[in-house]
Every structure is written in structure tokens, then in C-alpha cells.
Amino acid sequence: MTVRKSERLLNLLIMLLVQRHYVSKERIRAILYDDSPSTEAFEKTFERDKEELRSLGVPIEVGQMDAYFDDEPGYRIRADEFALPEINLEPDEASVVALATKVWDNAKLAEATTDAVSKLTAAGLDLDLGALDIAQPRLSADEPSFEVFWEATLTRRPVTFDYRRPGYDAPLTRHLQPWGVVRFSGRWYVVGLDTDRGEERVFRLSRVVGKAKVSGRPGAFEIPPGTDVRESARRLAPLAPSEEAVVLVRPGAGAPLRRAAGSVEPDVDGPDEETPWDRLCLPGGAQAEELLVLGPDVYVEQPPGLRDEVVARLRAAVGAQP
Amino acid sequence: MTATAGTGPGAAKDQVGRLLRLVPYLHGREQVPLDEAARVIGVPPSQLDQDLRVLFLCGLPGGLPDDLIDVDLDALEGEGVIRVSNADYLARPLRLTPTEATAIIVALQAMRAGAAGATREVVDRALSKLQAAAAQGAPVVDPGHEAPATLALRAKLEDAARRRRQVRMTYYVPARDEESERVVDPHAMVAHHGVDYLDAWCHSAQAPRLFRLDRVHEATVLDSAVTTEPRAPRDLSDGILAGEEATRVTLRLQPEARWVEEYYAVEEVRPQPGGGSEVDLLVGDERWLERLLLRLTPSARVVAPKNYADGAAKAVRQALALYDEPPG
């Protein structure tokens, strides 16, 4: 069965590749599908075969056979679209390309990279791994929805997903035209047009709840010209709060906050006298989580919004204790 | 690369994909031993043998003997060598799919950041050739780049591990909210969930430890040689705590705290009505759990063992008291 099908797929590919003109469905059927019991069965098998070849990356074109009979579609594969252009990698370039197979820490993309390298090196290349001075990076992508957004971004198809915002909201269903996928500090984000809000938005993939769903046809939207997804993500991502924060910290506590502090004023009066306090001025602001984690070793002075959030969350926790 | 043979869904497609890589590889070579070709394509020789027997049946439409691709089955069966001819139209490899092109370009972009001087120039040359061949528009996937300080630190620790030299470093322990200096025997770098760790023997703790790179400060490579043997690299797939003494703790998470399920190696997740969940995770250090609960305030609570919640609950009451809020 597999042999029969492989043979048919490859013969179909060759037939469409070597013809200068479109090949009619009738001719394809007569030569390769003469064992089909009915027109319906033929149509079904032929559709599936075309899809399988396309998913391998074979560009099958559909066109009009004849200017006079426009109901007759024909098919062809253009040789210049089918084949990899001549790339001619030098031996040292081929070596870094070969090393690229070790970068992805994600099964699907590691496989895609390996397949790419095996195409690029199909003609047989000399590898020179000797003189490379390189710190090998690892790109992990273990967010469950990563592959869906990757595929949707490459094919320009809209995505629907449930998204959990940090804070108190229940997950909300969002609709996005994904423009790009960007990595910051080991985490992946997607940038795109939120079609419910009609605005550019960024989402952190680890906060996508459940399965993201792709809908619509490939090429369903255009990415606005001049879009720089990295710049958009930097602008939109809630990567760091920006309102300056002032906090009191007990001596010796909160080393990460101290590193981020613009100034430290030691030995100031605080909310209790168990220990002295240090006043830290945090020009980049602070997030409630990084303060809550310090328990009674930190006291928020400014801004009021941050102080209120910390107090509200502490009070909610006390209220929730059994 | 797919090495699965057989008759499952996609088997025919995979077989055609292999043949589209094999023919360009054979093109321009008079003959290639079956074993060697199988290694290049990444399948067992028996699978490649089957693939070649399919190729034997294919060719130009018309069905005349001259139309078929010529696979020398005598040579294959007799000498174990592959000779293929009359297949010039398949001589070029297939164009890269968008996923393949993007995957390799993004991988090279990530490598670029870690490359120095002349090597970076080589990566740039390879990148520009691939980008031209892929003929894509603006890049839609951006791997970012690690801060040069992180790369320099990692290179320094990798070098120390390779040369088996001890390292003195300042390390921040969030579970104790404390920074301390220690001497370690660096053994290897490992990555887990996008975070890099140094696997090392810690002379202060007299125990093996994993150190998160982003919590290491001011590392100095010493002249003294390491005094412990590197062990087999740790397998982190079972979670970062594998092998250490750990207690199973059950937490009830509100929806907004469910990122914990992805962030830490949880043993089991049981979704609850209302969007929350109950998770089991292995906790090696009670103070670590206390910090996690504080960070999640008020969206997580301990179901069992009950006393594991005491530390965090006390800290919450004390913290609230600072703001003159009556507890409870």
C-alpha cells in the first residue's frame, strides 16, 4: 500500500515537473489513477496526494488549461520554484550551518533545521569544524502553544486562544493576527493585531491557556509594511513596570532589589523597630510579586497603586485562610 | 529527520521526502555504498533499500523503459552500492519549506550572538546566503540575543569546567533571600525550561548543586584544580529536583496562578471547576515553597501537608501588620 502510494506521489511530482504546460486532470487520471473506481474516488485521492506533496514543500500550481474552456483546471510544478536555488556555501559557512542543527531545544524545529541542512548539503559539502570560535546557544521553546503560533505566523493565519493575564482576571478569549514571534530572556512572545480591540498587542506564550486554534486561510492578512516585531514587543510587552518605586527593606534582605536600586539610604525609620530599614529607590519600578515574595522584610512606600495592590493581595490571603 | 518506516499515515510522504533528498545526493556521484547513503539520509540501510525499489518504479509519464529512472538493482543486491541514473530532473534538492528556512535562519541568528570576531563574520555570510535563498520578507521570528554579560559568564564557566578549575562566585539564594560567596567545582552547563544552570560541586554545602546562571555574580576562575569528579550530566527531564530528598505537596491554584504548572516540574495537574487547578509538586526545600506561596499571594494555598502552609501564612500576617492592617 505504502509502496503503491509513494510510487504514485513521486510519479505525479515528476509528471507535473517535466511538463512545460499545465497538465489536465483528465490526463493525470488516465495515467496515474486509472485504477480509481469512480470519479469521486479519484477526486478524493488526487486532492489528498496534492496536499501531501505540498506539505513536503512541492509548489503545485493550478491554472487554466485553455483560454476557451475555463472550467478545465490544469496543474504544473515550475522547476525554478521546485528546486533549491544554488547557494554554494563555502566550507566554513557549511560548518556553521551544520552546527545550527544543535541549537533548537524543540523537537519539531530541531527536525526542521536538520531537514534544511540535509537539503543544503545534499550535494555533499566539506565541513571544516576546526577553527570555529563560538559559544553554542540553545533555543528552547517549551510553551505548549509555541508551534501553533509559529505555524500561524509563517502562514499568516489568524489564531484564537484563551489568555490568562497576570493579576486577577479569568482567562479571556482573544483573536489575533500574528505578525511575529519574539524571544526575550528565554521566554517567547507573540506580537500582532488584536482584532477585538483593533490594536497592536503582545502576548506571552506561557500564559496561553489550553490549545490555541488556527482559523482562516493561509495569507488571510497582511503584516503592515515596516513592522519591526522586536521593536513592537519591546514597546508593548509588560516586561518591566516603569513607574519609580520606593520601598523599605530590612538590612541584608532583597539582594535583587538592591541591584536594581538607583539609591540606597541606610538606617531610616520604618514601620517597626525590630530592625533598622534601608530605603531603596527603584527607578525601573517593581512588580507586586517580587515584593510579596519578601514577606515582612519589605514595606512599600511609593507608588500608591503598587502599595494598594500589595496590601490588597495580603489582605485577600489572610481572609482566605481557613 | 523522520526515521520511521512502515505503513503508518505519512509513511508514503516521508518516503517521497527521503527520495527527494537522496537523488540530489547521488547526482554527480557515480556510485555510493548503501551504508554510507543511509547514514547521510539518516535511515537504516534496509529502509533505504526499500526506498530505492520505489524509485525504480518511477519516471516520466509514458511507461516506456527509457522513461523510467534507472536503479541498478544488481549492483544494489550484489555489491551493496547504489547507482542511479536517468533522473536529472530531480538533481536539485527541494526548496526549503517556510518552517525549515525560518528554523535554520533563527538558529543561525541565535548563534551569531555567541560568535566572536572571525566566526561571527562566517555566520553572517552563511545567513545572508540563506536569507537570499529563502527569499522571505521581514523576519517574523526573532530569537533575541542574550546579554553579552550572560554569554561572557557562561563562556567563563564553560572554560573553567573544561580546564577543571575551581570557581569562586557570589550566588543569590531566593529561598533564603541571601547572597553568599562560595567555591565550586564546575562540571557542566545544563538548560531547563529556558534557564541555564551550572551543575557543580559546592564546597560550602559539601554537596552537588545546580546554580541558576542569572543568580551568579562576580565569578572568578581560580588557579586551583577541582577536587571532585564530574558525574554523568544530570537529566533534568524529571524536574530540577530529581534525586534530591523531596516531599510531595498538593497546592490549590487560582486561574491566575496556573503558570506554576508550566514553570515548575509538577507531578500532576487536576483542573478544578471555576478554572483553577490542584497540582502536586515535589518540594525539596520548605523555604522555597514559602517563597513561592508568598509570590502567588493570594492565589495559591496548600492542601497537603497542612503544616507546609504555616510559614507563608505567618509571613503574610506579619507583612500585613506593617501596614497597620489588622490581620484577619
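**Exercise 1.** Which residue in β5(B) is the bridge partner of Val182(A)?

*Solution.* This is a predicted model: local features need pLDDT of at least 70, side-chain atom pairs count only at pLDDT 80 or more, and totals for chains, interfaces and linings use all residues. Residues are numbered from 1 along each chain as its sequence is written, and chains are lettered from A and ligands numbered from 1 in the order in which they are written. Start with the strands (DSSP runs of E, at least two residues, numbered from the N terminus). Strands pair if DSSP finds at least two bridges between them. Strand β7 (residues 172-184) of chain A meets strand β5 (residues 141-142) of chain B in the parallel sense, over two bridges. The partner of Val182(A) is Asp142(B).

**Exercise 2.** Describe the contact from the side of chain B.

*Solution.* Contact requires C-beta atoms, placed from the backbone, within 7 Å. Chain B supplies 88 residues and chain A 102 residues. Helix α5 (residues 98-114) of chain B gives the most to the chain B side, with 13 residues. That side divides into 52 nonpolar, 17 polar and 19 charged residues.

**Exercise 3.** Give the strand order of the open sheet in chain A.

*Solution.* The three strands run β1-β3-β2, with antiparallel pairing. The edges are β1 (23-24) and β2 (61-64) of chain A. Four bridges join β2(A) to strand β3 (residues 73-76) of chain A. Among the partners, Val62(A) has Tyr75(A).

**Exercise 4.** State the scores of the model.

*Solution.* ipTM is 0.71 and pTM is 0.64.

Key. Contact = placed C-beta atoms within 7 Å. Nonpolar A, V, L, I, M, F, W, Y, C, P; charged D, E, K, R; others polar.
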